Amino acid sequence: MSTQTPTTDEATQLAIRSYRGIELGLGEADPGAAIAAKIEAQHPGHLVLVQAGKFLHGYDRTAYALATLKGYKLKLVGTAAAPHIRVGFPAGNFKRRLWSLVADFGIPWSVALGTQATGHTVYASTQPTGNSQVLDAVTPEIVAEVIADLRQRNEVNKAAAHELLAHPDTACFQLKAKTQELDTQLLQDIVKMPREWRATYGESLRACMARVLRGVMAYGLEENKPALLRAISADIDCLKHYLVQAPQLNRIKLAFEHRAGLAVELGRLVGGLIRSQRGAP
């Protein structure tokens, strides 16, 4: 892993088209966390971002700082024995996001671009006296407290999901509530789109969401529930496909992560109902 300092022209060319991923929480070790820790040791006080495929990820102290300063949503990743907090955004937005952060707060940065297979090249900011005190204020104790809080929320969410699937009537009610919430939020997004996008992308998104909503509303009285659930699941997959397209369309601004998170949650509820139907006599 080598370190280079880009010129202004080189730095402005560090752009990769991409979209935001959906995080599933604790599970497998995240190799980016180890890379970030090595870079942070070499560049103390720097915001450290590591490329993972088409995304840039920040971990622990960097993640907390970005969440506090820019409102990025924290994710709990890694294993149960070695958890980390992480934020991420498309590498294609690297210039706009990082340059504004430097301009607003003067924080030095280091960005590792590359892949696990070919290795990462580290690009460090050129300002000699950056505002490194911002990262110094994020202590290991703060990071540990945030991890503990996210773990607690995760356990509560798992218990709630288990309770929903154990009581199909309640699960149906929650499925309707979540579907109506997502439908309302997407409608608010669509009416704000430029006219040409509203008539093309927005229309496809709206039609797909309408199929999901109709299927969920019909579920209670449907005789062939397994077939209806499979149709709803397919439409939710289409909806997630449309949502991940949004960041690639330059003039469309959606609260993508939140909308996609709701779609994933709907998919999990429908998947749980499908499994319960398979187990029914």
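Let me start with Gln 185, which is found in helix 7, residues 168–191. Keep in mind that this is a predicted model. Gln 185 has a relative accessible area of 14%, so it counts as buried. What is Gln 185 in contact with, leaving aside its neighbours within four places in sequence? The residues are His 258, Arg 259 and Leu 262.

Next, the aromatic rings. A search of the whole structure gives one aromatic pair. That pair is Tyr 72 with Phe 89, and the arrangement is tilted, with 5.6 Å centre to centre and 50° between the planes. Tyr 72 sits in the loop between helix 3 (60–70) and strand 4 (75–78), while Phe 89 belongs to strand 5 (residues 83–90), so the pair ties together parts 17 residues apart in sequence. Are these two residues, Tyr 72 and Phe 89, buried or exposed? Both are buried.

Lys 225 lies over the face of Tyr 219, at 5.3 Å from the ring centre.

Last, the cysteines. How many disulfides are there? The count is zero. For Cys 208, the nearest cysteine sulfur is that of Cys 238, 5.1 Å away. A disulfide needs the two sulfur atoms within 2.5 Å, so Cys 208 is in no disulfide. Cys 238 is likewise in no disulfide, and its nearest cysteine sulfur is that of Cys 208. As for accessibility, Cys 208 is buried, with a relative accessible area of 0%, whereas Cys 238 is partly exposed, at 34%.

How values were computed. Residues are numbered from 1 along each chain as its sequence is written. This is a predicted model: local features need pLDDT of at least 70, side-chain atom pairs count only at pLDDT 80 or more; totals for chains, interfaces and linings use all residues. Side-chain values use heavy atoms; hydrogens and water are left out. Buried means under 20% relative accessible area, exposed over 50%, partly exposed in between (1.4 Å probe, protein chains only). Helices (H or I, at least four residues) and strands (E, at least two) are DSSP runs, numbered from the N terminus. Contact means heavy atoms within 4.5 Å. Rings of Phe, Tyr and Trp (its six-membered ring) pair if their centres lie within 6.5 Å; planes under 30 degrees apart count as stacked, over 60 as edge-to-face and the rest as tilted. A charge sits over a ring if NZ of Lys or CZ of Arg is within 6 Å of the ring centre and within 35 degrees of the ring normal.
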